[in-house]
Amino acid sequence: MKKDFYLTRYSLIIKRLERSPATYPELEDYLLNSFEFQDASIRSYSIRTLQRDIKDIANLFNFDIHNKKKGDNRYYIESRPVMEVDEYNQRLLESFRIMNAVNAQPDFAEFVYLESRNPRGIQNFYDLLFAIRNKRIIEFQHFKYKDQSTSSRKVHPYALKESKDRWYLIALDTKDEKLKAFGLDRISELTVSKAGFKTQEKFNLKEHFKNAFGIMNLEEEPVKVIIRSTKEQAEYIKSSPLHHSQQIQKETEKSVDFAYDLFPTYDFIQEILSFGKQVKVIEPKSLAEKVKETLKESIRQYDDFSPEQ
């Protein structure tokens with residue numbers, strides 16, 4: 001069996017067992033009749049491979065798969081991760097399925113168009129994961145876009161967080177004992193120390209980002225934010241919520257009001273502005289004024305505008 005086919009097998013096994021328990025012959029039949037196996041011209045799947053795959057799935061996705069339920073030989077998913085981890089695993093599975101679908105046949109590239117990206121900083125991803133897991137102090141050079149300066153940092157790495165297709169290191173800066181976010185694309189000369197650190201109990205990352213939008217580190221209390229969307233745009237917002245706290249407050253024939261519990265960061269304001277005339281802020285008034293002033297400043301940029309400027 002092809003060595004680079006394992007991710008496809010994992011995702012198919014999980015997909016089948018999420019539907020219902022299955023015996024080895026039923027799993028084998030499902031896999032061999034899948035489009036993925038047929039496209040790869042794979043005609044056999046041994047029980048030894050299945051047992052090895054089950055161990056790997058447990059390590060990778062935190063799924064416990066067992067058999068001999070109630071005296072039979074069906075395999076089933078015994079336990080599921082907590083909600084946050086389960087969401088992570090589902091996104092990971094989705095990425096694997098897309099990747100394998102595109103890589104399975106070279107001509108698939110004619111039908112699937114991905115955004116052109118050139119991510120930076122990913123070369124440090126695994127070193128950072130190692131440092132986080134093993135609680136190792138790290139040092140690096142950090143470039144600041146605002147003033148085009150570079151500074152040396154010594155930090156206690158806590159987590160990696162994604163926001164708008166960018167990755168950030170969440171770490172305690174030893175200089176001022178504050179929790180900060182460092183863009184991976186701006187980190188260079190990374191060194192993982194042999195010296196360890198102890199996590200400070202006062203920092204609860206889950207709570208820290210609970211009411212956040214984007215990557216901003218927050219100390220402020222969340223506020224109730226209400227936005228009004230056109231009916232057409234509301235369907236997109238319903239299918240892809242802006243924040244986990246999103247609730248529909250009111251719906252009419254022409255509009256939908258969405259409510260959120262969050263602190264309206266710069267990232268949130270930019271998100272609202274990206275909807276143009278389809279969305280406006282209803283509450284709080286201070287946020288509505290801030291969005292209004294931002295729009296005015298944007299318009300002022302075009303006053304007395306000439307192509308030479």
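What is the accessible surface of the protein chain, and what percentage of that surface belongs to carbon and sulfur atoms? In this predicted model, the accessible surface comes to about 20500 Å², and carbon and sulfur atoms hold 49% of that area. The protein chain has 309 residues, of which 36% are buried. Its secondary structure consists of 10 helices and 11 strands.

Phe182 was examined as a residue of strand 6, which spans residues 178-183. The relative accessible area of Phe182 is 2%. Because this value falls under the 20% cut-off, Phe182 counts as buried. Leaving aside residues up to four places away in sequence, Phe182 touches Phe140, His142, Arg153, Val155, Trp167, Tyr168, Leu169, Ala171, Asp173 and Ile187. The C-alpha atoms of Phe182 and Ile215 are 9.5 Å apart in space, and the two residues are separated by 33 residues in sequence.

Two polar contacts involve the side chain of Ser34. In one, a polar atom of the Ser34 side chain lies 2.6 Å from the backbone oxygen of Leu31. In the other, the Ser34 side chain reaches the backbone nitrogen of Phe37 at 3.2 Å.

Helix 8, residues 231-239, was considered next. Gln233, Ala234 and Ile237 are buried in this helix. These residues are on the same side of helix 8, because the arc they cover around the axis is only 105°. An α-helix has 3.6 residues a turn, so residues three or four places apart point the same way. On the other side of helix 8, the exposed residues are Glu232, Tyr236 and Ser239. The cover over the buried residues of helix 8 includes three strands: strand 8 (223-230), strand 10 (255-262) and strand 11 (279-283).

Key
Residues are numbered from 1 along each chain as its sequence is written. This is a predicted model: local features need pLDDT of at least 70, side-chain atom pairs count only at pLDDT 80 or more; totals for chains, interfaces and linings use all residues. Side-chain values use heavy atoms; hydrogens and water are left out. Helices (H or I, at least four residues) and strands (E, at least two) are DSSP runs, numbered from the N terminus. Buried means under 20% relative accessible area, exposed over 50%, partly exposed in between (1.4 Å probe, protein chains only). Accessible areas come from the Shrake-Rupley method with a 1.4 Å probe; for residues, only the protein chains shown count as cover. Contact means heavy atoms within 4.5 Å. A polar contact is a pair of N or O atoms within 3.5 Å; within protein, one must be able to donate a hydrogen and the other to accept it, and residues adjacent in sequence count only if both atoms are side-chain atoms. The arc is that of the directions from the helix axis to the C-beta atoms.
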